[in-house]
Amino acid sequence: MKLGELIGLATRKATVEALRWQNGLEASYTRGVFHALGRYGVREATVFDDIAPFLSVSDLELLQKNSKAAFFEPLVGAAAHALATVCDRVRYGTIPDAVAADVLAQQAAALAANLAAQVSRWAEFRLRLLPYAGGDVKMLVLRALALGWSEKWRTG
């Protein structure tokens, strides 16, 4: 009986682990920007083309060289997941349209501030992103990422 239980537990653990890797559910993959916001069109395959209009050539090159560190950084991923959740709530009417733009700008500012590693500039980033919070989510995200990245090396 005990041997059967141990074999069963080991088999279950190995199967779950194999499925986790096969289906891309490894935590290091699911914590990133693309997993969180992919359903809003933010894709790893196109992000550099999509974000290029919002960055200088030198900032874009630096982002390309450091993309994994930027897009999979845990605080950036957490902010991306929070933004995606708020976007879902706006989409399904849980958050009223009357406050949607402000709430989206708040979450986008958190994304930018975490990417910049300058959370003290959250209010400034919120004001800069607010004009874009009433439109396309993907464009808001790209602007937030570009803002955070371009400000990462600057101080307020």
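**Helix 10**

The model is a predicted one, in which local features need pLDDT of at least 70, side-chain atom pairs count only at pLDDT 80 or more, and totals for chains, interfaces and linings use all residues. I number residues from 1 along each chain as its sequence is written, and side-chain values use heavy atoms, with hydrogens and water left out.

Helix numbers follow DSSP runs from the N terminus (H or I, at least four residues). I checked the span of helix 10: from its first C-alpha to its last it reaches 21 Å, close to the 21 Å expected at 1.5 Å a residue (the expected span is 1.5 Å times one less than the number of residues).

**Helix 9 against helix 10**

I then examined how helix 9 (residues 122-129) packs on helix 10 (residues 137-151), and noted an angle of about 140° with the axes 11 Å apart. Axes are lines fitted to C-alpha atoms, for helices over the stretch in contact, and angles run from 0 to 180 degrees between N-to-C directions. The two helices are therefore oblique to each other (under 35 degrees counts as roughly parallel, over 145 as roughly antiparallel, 65 to 115 as roughly perpendicular and the rest as oblique).

From helix 9, I listed Phe125, Arg128 and Leu129 in the contact; from helix 10, Leu140, Arg143, Ala144, Leu147 and Glu151 (contact means heavy atoms within 4.5 Å). By class, this contact has five nonpolar, no polar and three charged residues. Here Ala, Val, Leu, Ile, Met, Phe, Trp, Tyr, Cys and Pro count as nonpolar, Asp, Glu, Lys and Arg as charged, and the others, Gly among them, as polar.

**Two residues of helix 10**

I looked up glutamate 151, which lies in helix 10. Glutamate 151 counts as buried, at 10% relative accessibility. Beyond its neighbours within four places in sequence, glutamate 151 touches Ala116, Gln118, Arg121, Phe125 and Arg128.

Alanine 144 is also in helix 10, and I read its relative accessible area as 0%, hence buried. With neighbours within four places in sequence left aside, alanine 144 is in contact with Ala108, Leu111, Ala112 and Leu129.

**Helix 7 and helix 8**

I turned to helix 7 (residues 74-91) and helix 8 (residues 97-116), which pack at about 170° with axes 8 Å apart. They are therefore roughly antiparallel. Among the residues that meet are Leu83, Val86 and Cys87 of helix 7 and Leu104, Gln107 and Leu111 of helix 8. I counted this contact by class as 16 nonpolar, two polar and no charged residues.

Helix 7 has 18 residues and spans 25 Å from first to last C-alpha, close to the expected 26 Å. Its buried residues include Val76, Gly77, Asp88 and Val90, and I found the buried residues packing against helix 3 (33-37), helix 6 (67-71), helix 8 and helix 10.

**Alanine 117**

Last, I checked alanine 117, placed in the loop between helix 8 and helix 9. Its phi is near 60°, a positive value in a residue other than glycine. Alanine 117 is exposed, with a relative accessible area of 60%.

Key: Buried < 20%, exposed > 50% of the residue type's maximum accessible area, 1.4 Å probe, protein only.
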